Structures are given as C-alpha cells and as structure tokens.
Amino acid sequence: MVYRGDYPLRRVLDEKRHMPGALLPILHAIQDELGHVPADAVAEIAEALNLSRAEVHGVITYYHHFRSEPAKGTVVQVCRAEACQACGSDALWEHASRQAQNADVTLEPVYCLGLCATAPSMSINDKPYARVSHAKFDHLLAQLKEAA
Ligand code: FES
C-alpha cells in the first residue's frame, strides 16, 4: 500500500470493520481524512470485510459523495434533488458550471443537503448555503477568489 505508512487505513479498518454495515462508515472515514478513497485501498477494504473488490468499487461509484481522486481546489456542491429542482437548481447548476470553469473549483452534484425548505441549496467545502440565487452564487465565488 502506497499510503500505509502515513495513512491509518489499518486503524480505520480495525475500529469499524465489526460494525453492522461497516463499509459505508469506513469509506466515510477514509474520505474525511484524505478527501477521497484511493483506488489502492479497495483491495484491503474488501479483504477486511470479506467482500469482493467489485462490491467495494460498486459502492464507491454508486454514491456521488465518494471520490476516487482528490478534488481540485474548493469543493462546491449544488443540490440536484427534487425540492431544489422545483426551486430552480437546474438553472443554478448550469450557471455554476459556467462560472466554475474560470475558478479553482471542483463542482459536484449532491442529492439533498437537508435544506429543502430553503431551496435551492449548495455547499462550499461542506458549509451549506440556502436560497442560492445566481447573484448569491457569484458573490460566494467572488469571496473565494478574494480569500485565495
Ligand atoms: S432537495 Fe436540495 S436540500 Fe433537500
């Protein structure tokens, strides 16, 4: 394992492997620490949980939350679930896609941030924002550029 010396994969596996439904907590713990789930962790996770590599890979690729590669720059997530769609998140997504091309941003879809009553919603590096208009999005992005 490339990262075994400085990444506590073994510790995460030892702590969580006996939990019911341990795969998701393990994947969350790894991504929380590294910002992604490295491809070379899949075999060791599979072995620890007595799963196939395909099963672990399938879960990682099924959930949009998990990344196999590190994100570049600031992570901006725009909610694309139903309540936000009903309040204009499709247009916000298109706007965000255009604006993100000129910024050091990784733009990702997310499927509900728990802010449905104040849609459309988004997050920037896991900080949630509600009632996001195009102007509010631009303002938040401008703040990011100023802070960089
Ligand atoms: S549907 Fe977007 S926050 Fe719930």
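A: One begins with exposure: buried means under 20% relative accessible area, exposed over 50%, and partly exposed in between (1.4 Å probe, protein chains only). Arg11, with a relative accessible area of 37%, is partly exposed. The model is a predicted one, in which local features need pLDDT of at least 70, side-chain atom pairs count only at pLDDT 80 or more, and totals for chains, interfaces and linings use all residues. Residues are numbered from 1 along each chain as its sequence is written, and side-chain values use heavy atoms, leaving out hydrogens and water.

Q: With which residue does the side chain of Arg11 meet in a salt bridge?

A: A salt bridge is a side-chain nitrogen of Lys or Arg within 4 Å of a carboxyl oxygen of Asp or Glu. Arg11 meets Glu33 in this way, at 2.8 Å from N to O. The pair links distant parts of the chain, 22 residues apart: Arg11 is in helix H1 and Glu33 in helix H2. Helices here are DSSP runs of H or I with at least four residues, numbered from the N terminus. Glu33 counts as partly exposed, at 41% relative accessibility.

Q: Which residues are linked with Arg10 in a network of salt bridges?

A: The network links Arg10, Asp14, Arg17 and Glu44. Within it, the side chains of Arg10 and Glu44 meet at 2.7 Å, N to O. Arg10 lies in helix H1 and Glu44 in helix H3, so this pair ties together parts that are 34 residues apart in sequence. Glu44 counts as buried, at 6% relative accessibility. Arg10 also forms a salt bridge with Asp14 (3.8 Å, N to O).

Conventions: Helix = DSSP H or I, 4+ residues; strand = E, 2+ residues; numbered from the N terminus.
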